[in-house]
Amino acid sequence: MVYLTRELHLDQVYATNILYIWGGITNFAPLVGAFISDAYVGRFWTIAFASFASLMEMIMVALTSWLPKLHPPPCTPHQLVIDECIKANNSQMSVLFLGLGFLTIGSAGIRPCSIPFGVDQFDPTTNEGKKGINSFFTWYYTSLTLILLFTQTAMVYIQDSVSWKLGFGIPVVCMGCAIILFFIGTRVYVHVKPEGSIFSGIVVVLVAAYKKRNVKLPSEEDSYAVFYDPPLNGTTVSSKLSLTQQFRALNKAALIVEGELNSDGSIVNKWKLASIQQVEEVKCLARTFPIWAAGILSLTSIAQQGTFTVLQALKMDRHLGPKFQIPAGSMGVISLITIALWLPLYEKYLVPTLRKMTNKKEGITLLQRIGVGMLFSILSMIVAGFVEKIRRDSAKSNPSPLEIAPMSVLWLAPQLILMGLCEAFNILGQIEFFNMQFPDHMRSIGNSLFACSFAGASYVSSILVNIIHHTTRTHDHPDWLVNDINKGKIDYFYYLIAMIGTLNFVFFIYVARRYQYKGVVNLDKPSDVELETHAK
């Protein structure tokens, strides 16, 4: 955001639209990457190709700062304020867009495959393998948090205060080294072969159910006698789903009609008969869809951290002492620190207390955890609106050449702390929810679906920004999101998001109370049938 507005001299609405739309495409892309990986090339080659695409992106974006022809001439902070800077032309922007396109390709392959590829290296049927998987997750998220802290502090400081050339050059070198390290381990990796995509199974279920729409289903007592339930094949599925009565019409896809099975038990026409496993996988998607939809609007507040929160910080006193100035792009570190401090406290002290109160192992259910995160999301936008009103009034009552409000940027800390708590409850709750409620071999799709929540939040934010930009302008007053935020009404924008979030929270409560958790047949004990009946 800082690079687009301060170095390429773009209008803030244009810059936010670029980030929202590109962010949306990038977060939808993992669905494509997951499909290609599962159906055709496998996780290793998907990550390899995506890594080179990411390297190309970093080189392209670095070139926009290295080569004078790829960015507009510099201008002073005062020229920026009075809008006298030359903006980046179409050819300069096309190079930037090309680079962002390569990053989208990279994200499509790396995001859905990196965690599953790491898990592939362990044998989940052994105690040692299970411990290894748990250790892998711990180290993965620990290193990810450390990297985010480094990028949002040291890297942002280098870009903001030292040099954009160096700031973009360091990631190029790091990515090159990462690719070399990745390929060094080629011979020792466990390579799981692609076993086909679950998307084809979804289509089979829908087609088979439609063709049998006029067939009458038997009573529940006779279900297992007339439904197709073959043994599981392949290496990616370790748990079998039991037949449920929710979305009962889909059960017709697994209903065995005369002439649909050969003498050896194989299917005559795969488009007329699906297994119970395939039917229940489709139901998993159908059940989680309303929860996923509600999650989209709850993440719109998080989407503001990289746009309007940064713009607020640029118009506040960012000094810590006489010489050091906090980079505006580093303010998101407050949310990361909140998460890092809160999660251990939550697990060590709050969960045991809640466990005694609710008699649930987790303290509260995943859906309750997501709901608490939504409340923090709403509160963060209300607080952000109050702070922005104070900041704008301060800037107007204390005019200066650069229109900087004489109040510390740390006034943004309350809203960022609340956003951090929203992430700790809502985002981590959604990740765990999708991983637990999706079948084993659909977890990469579940991770991709979570990324799609951020994509939807980006698009919702973009739509809101454009509607507000074009409808709130009058002859006497500029629109709420005018370039000079001291003349705008960003606080109204925050209140609007809070109001939408409140309505969305009501919708979430409605669908969460009606959610039915998946049932699983435990394959480790063939004689037992276990149903996961998590208390709501």
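The legends below describe several views of one predicted protein model.

Residues are numbered from 1 along each chain as its sequence is written, and side-chain values rest on heavy atoms, with hydrogens and water left out. Because the model is predicted, local features need a pLDDT of at least 70 and side-chain atom pairs count only at pLDDT 80 or more, whereas totals for chains, interfaces and linings use all residues.

**Figure 1. The protein chain as a whole.**
The protein chain contains 16 helices and six strands; helices (H or I, at least four residues) and strands (E, at least two) are DSSP runs, numbered from the N terminus. Its radius of gyration is 26 Å, close to the 24 Å of the globule rule for 536 residues, so the chain is as compact as a globular protein of that length. This radius is taken over C-alpha atoms, and the globule rule is 2.2 Å times the number of residues to the power 0.38. Along the principal axes, the C-alpha atoms fill a box of roughly 85 × 50 × 45 Å. Buried residues account for 48% of the 536, where buried means under 20% relative accessible area, exposed over 50% and partly exposed in between (1.4 Å probe, protein chains only). Of the contacts (heavy atoms within 4.5 Å) between residues at least 6 apart in sequence, 78% join residues at least 24 apart.

**Figure 2. Confidence along the chain.**
The pLDDT, which is the predictor's confidence in each residue from 0 to 100, averages 83 over the protein chain, and 91% of the residues score at least 70. Confidence is highest in helix α6 (residues 164–184), at a mean of 93, and lowest in strand β6 (residues 520–521), at 52. Over residues 522–536 the pLDDT is below 50, and this stretch has 29 contacts in the model beyond near neighbours in sequence. Where pLDDT is low, the predicted coordinates should not be read in detail.

**Figure 3. Leucine 31 in helix α2.**
Helix α2 spans residues 12–66 and includes leucine 31. This leucine 31 counts as partly exposed because its relative accessibility is 23%. Leaving aside residues up to four places away in sequence, leucine 31 touches Phe199, Ile445, Ser448 and Cys452. The C-alpha atoms of leucine 31 and glycine 109 are separated by 9.1 Å, although the two residues are 78 apart along the chain.

**Figure 4. Threonine 288 in helix α9.**
Threonine 288 belongs to helix α9. With a relative accessibility of 0%, threonine 288 counts as buried. Its contacts, not counting residues up to four places away in sequence, are with Phe433, Phe434, Gln437, Phe438 and Tyr515. From C-alpha to C-alpha, threonine 288 and phenylalanine 434 are 8.0 Å apart in space, while 146 residues apart in sequence.

**Figure 5. Two residues with positive phi.**
Most residues other than glycine have a negative phi. Histidine 9, which is not a glycine, has a positive phi of about 60 degrees. Histidine 9 lies in the loop between α1 (2–7) and α2, and it counts as buried because its relative accessibility is 4%. Phenylalanine 247, also not a glycine, has a positive phi of about 50 degrees. Its place is in the loop between β1 (240–241) and α9 (276–298). At 35% relative accessibility, phenylalanine 247 counts as partly exposed.
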